[in-house]
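Keep the sequence and the 3D view side by side as you read.

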Amino acid sequence: MSETSEQIENSTESESSVLESIKQVRIAKAKALQEAGMDPYHSGPFEKVSNQEALAAEMGTQLNIAGRVTSSRTMGNVTFGNLHDETGDIQFMLSKKQLDEPELPEPAYKFILKNLDVGDFVYITGERIETKTGEPTVLATNFRIITKSLRPLPEKHAGLKDSDALLRQRYLDILQNRDVQEMIYKKAKFWKSVRSFLEERGFIEVQTPILEHTTGGGDAKPFVTHHNFLDTDVKLRISTGELWQKKLLVGGLEKTFEIGRQFRNENQSREHANDYDQMEFYWAYANYEAGMALVEQLFKHVALETFGTTQFEMNRFGKIHKIDLDHKWERYDFVEVIEEHAGVNVMTASDEELAQALKRLEATHEEPAVSRAKTVDRIWKVVRRKISGPGFLVNELYELSPLAKKSSEDPNFVERFHVVIAGSELGNGYSELNDPIDQLERFEAQEAMRQAGDDEAQEANYDFVTALEYGMPPAVGFGMSERVFSFFMDKSLRECQIFPLLRQE
RNA sequence: GCCCCUGUGGCGCAGUCUGGUUAGCGCAGCGGACUUUUAAUCCGUUGGUCCUGGGUUCGAAUCCCAGCGGGGGCACCA
């Protein structure tokens, strides 16, 4: 045994003997390629056309293609195989007679077959032909293995099905399931269309801190980590720069947005991940009415750009919601919609009546809500599931919105709106609270809730109050997360994450 | 956090209910035949911690208990 293979064996001694023997065979093939002057990990460059282009090429065209070999069929002196690249698959053909004979230790056809495995990346020069059966094919005149694969790909018919492996080794999922690759393209389009929509309307993209001393802009438990240099604990942001972007308003920027990661140290579910992308925009001299008008346009634009339609079917909460974003967006008055569906007026009902209403609605109810406002919030969350939308929830209670401006008509409510689609909240915006005294009072109320045991109540941020004291122009802000994308895809959020976080093996 | 499903060579599966030879089949691998296949075909063949640990039993992949991993559902923060 050579030194090299001993080292490799030692480094992977936890592998099973079966896999290990397969790898040893392939390492030996890589060595044979190396010794024959065919670098099994060649750096290129490789001039090539895509498989899609090769498929479209005229018969007789000379061309180069490259990709991963996904199957091979040998019939003596002729071999067929399939080549996979990002654009699709094409058949290649190796023929003993037509293959050039470069300086190899044995005839090229024999040498290549001996050292080629399904899974290898290859670079093929050849002629675009059709076989007897009319299959578009590249007949190789030159065939080089440019990356040796050491592990066998999953079974070629059934493929990889183990749900654990599919998530842990998502690259195999992507390789064998074209729809996963499509999802990744669509997600890119989705955020690109959000970005272009806002840029076209004069918003500029900004980057605000992810590591913070005080989190803000949401109700959530943060991740905490230690900052060595400053010798202090810092938190990972739970919103996409809400308070920072409002400081930019104070500084004189009038239309900003940020697209970025945020982190919430909470449970995972069909709709919730621990790290995910969100967009938030802030728009000076506009209010929540203007915000709703813009958001309605944003959703239509993104749907058309990403999916080419405004019509969706979303299977959520045991109901198939049929949605057309091009329909008139409804307005759901918070108190009215709850009264309609839950038979209780949240403004006039006693605490006891509210608790009973919640009990009627919830199949299972766990620990009691920590406050009247939270009870109301829970009732809404159950009611919400029946509403397909599209629409906006408006006239929400001010207790649950510590950063939103109170309604000028009734101080019990705030100028806030939630996008409601398929029984869920797919966006959240409000006229931004810019009264520093009111803001300070709200923070203090939140702190009191924290003291009372609500660890999701927001942290007071006095630095932010200071900024408000200098004056922040009236503005509307809005946020939406990649949950919107997963709803349009009608898949779970986890399926729409490229590499979802799993337990360590 | 609660409930349900699931774990057998690298991959896909059978066997588990009803315990009983040496755990079987396909793909991939290895050796061989074959110049138009496309799940190519044919002959031969290597490869197993049946998730882990206990228990019951003459005997456990199979039954019981506990744990671990994964998925789904419910609930909760976009």
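Two strands count as paired if DSSP finds at least two bridges between them. With that in hand, take one bridge as a way in. Tyr 430 has Gly 477 in β18 as its bridge partner. Strand β17 covers residues 424–431, and β18 covers residues 475–481. The two strands run antiparallel, and four bridges join them. Bear in mind throughout that this is a predicted model.

Now widen the view to the sheet. Strands β17 and β18 belong to an open sheet of eight strands. The order is β6-β10-β11-β18-β17-β16-β15-β14, and the pairing is mixed. At the edges stand β6 (204–205) and β14 (330–333), each pairing on one side only. Helix α8, residues 242–251, packs on this sheet. Helix α8 touches β10 (255–263), β11 (275–284), β17 and β18. The direction of α8 makes about 25 degrees with that of β11. Another helix, α9, spans residues 288–307. Helix α9 lies across β11, β14, β15 (391–397), β16 (413–421), β17 and β18. Its run is at about 10 degrees to β16.

Strand β12 holds residues 311–316, and strand β13 holds residues 319–324. They pair in the antiparallel sense over six bridges. One of these pairs Asn 315 with Ile 320 in β13. Two residues sit between the strands of the hairpin, and Phe 317 takes a positive phi near 55 degrees there.

Stay with β13 for a moment. His 321 has its place in this strand. Is His 321 buried or exposed? His 321 counts as buried because its relative accessibility is 0%, and the cut-off for buried is under 20%. What does His 321 meet there? Beyond its sequence neighbours within four places, His 321 is in contact with Phe 312, Glu 313, Met 314 and Arg 316, among others. Further contacts of His 321 include Arg 385, Lys 386, Ile 387 and Ser 388, along with Ala 422 and Gly 423. With Ser 388 there is also a polar contact: the two side chains are joined at 2.6 Å. Phe 281 and His 321 are 40 residues apart along the chain, and 28 Å separates their C-alpha atoms.

Thr 215 is found between β7 (211–212) and β8 (224–227). Its relative accessible area is 3%, so Thr 215 is buried. Setting aside residues up to four places away in sequence, Thr 215 touches Pro 222, Lys 235, Leu 236, Ile 238 and Glu 459. The side chains of Thr 215 and Glu 459 are joined by a polar contact of 3.0 Å.

Strands β1 and β2 run antiparallel, joined by seven bridges. Here Thr 74 stands opposite Thr 79 in β2.

Two helices make another packing pair. α2 and helix α4, residues 108–115, pack at an angle of about 145 degrees. Their axes are 9 Å apart. From α2 come Lys 29, Ala 32 and Leu 33; from α4 come Phe 111, Lys 114 and Asn 115. These residues divide into three nonpolar, one polar and two charged.

Last, look at the RNA. RNA strand B is surrounded by 60 residues. The closest are Thr 133, Glu 266, His 272, Lys 381 and Arg 494. Of the RNA atoms that come within 4 Å of the protein, sugar and phosphate account for 60%. A polar side-chain atom of Lys 156 lies 2.4 Å from a phosphate oxygen. An N or O atom in the side chain of Ser 163 is 3.1 Å from a sugar or linking oxygen. For Arg 483, a side-chain N or O atom is 3.4 Å from a base nitrogen. Elements giving two or more residues to this surface include β1 (62–75), β2 (78–85), β3 (88–95) and β11. Which element gives the most? That is α2, with five residues. By class, the surface near RNA strand B has 26 charged, 17 polar and 17 nonpolar residues.

Notes:
Residues numbered from 1 in each chain as written. Chains lettered and ligands numbered in written order. Predicted model: local features only at pLDDT ≥ 70, side-chain atom pairs only at ≥ 80, totals over all residues. Heavy atoms only, no water. Contact = heavy atoms within 4.5 Å. Axes fitted to C-alpha atoms, helices over the stretch in contact; angles between N-to-C directions. Near = heavy atom within 4 Å. Polar contact = N/O pair within 3.5 Å; in protein donor to acceptor, adjacent residues only side chain to side chain. Nonpolar A, V, L, I, M, F, W, Y, C, P; charged D, E, K, R; others polar. Buried < 20%, exposed > 50% of the residue type's maximum accessible area, 1.4 Å probe, protein only.
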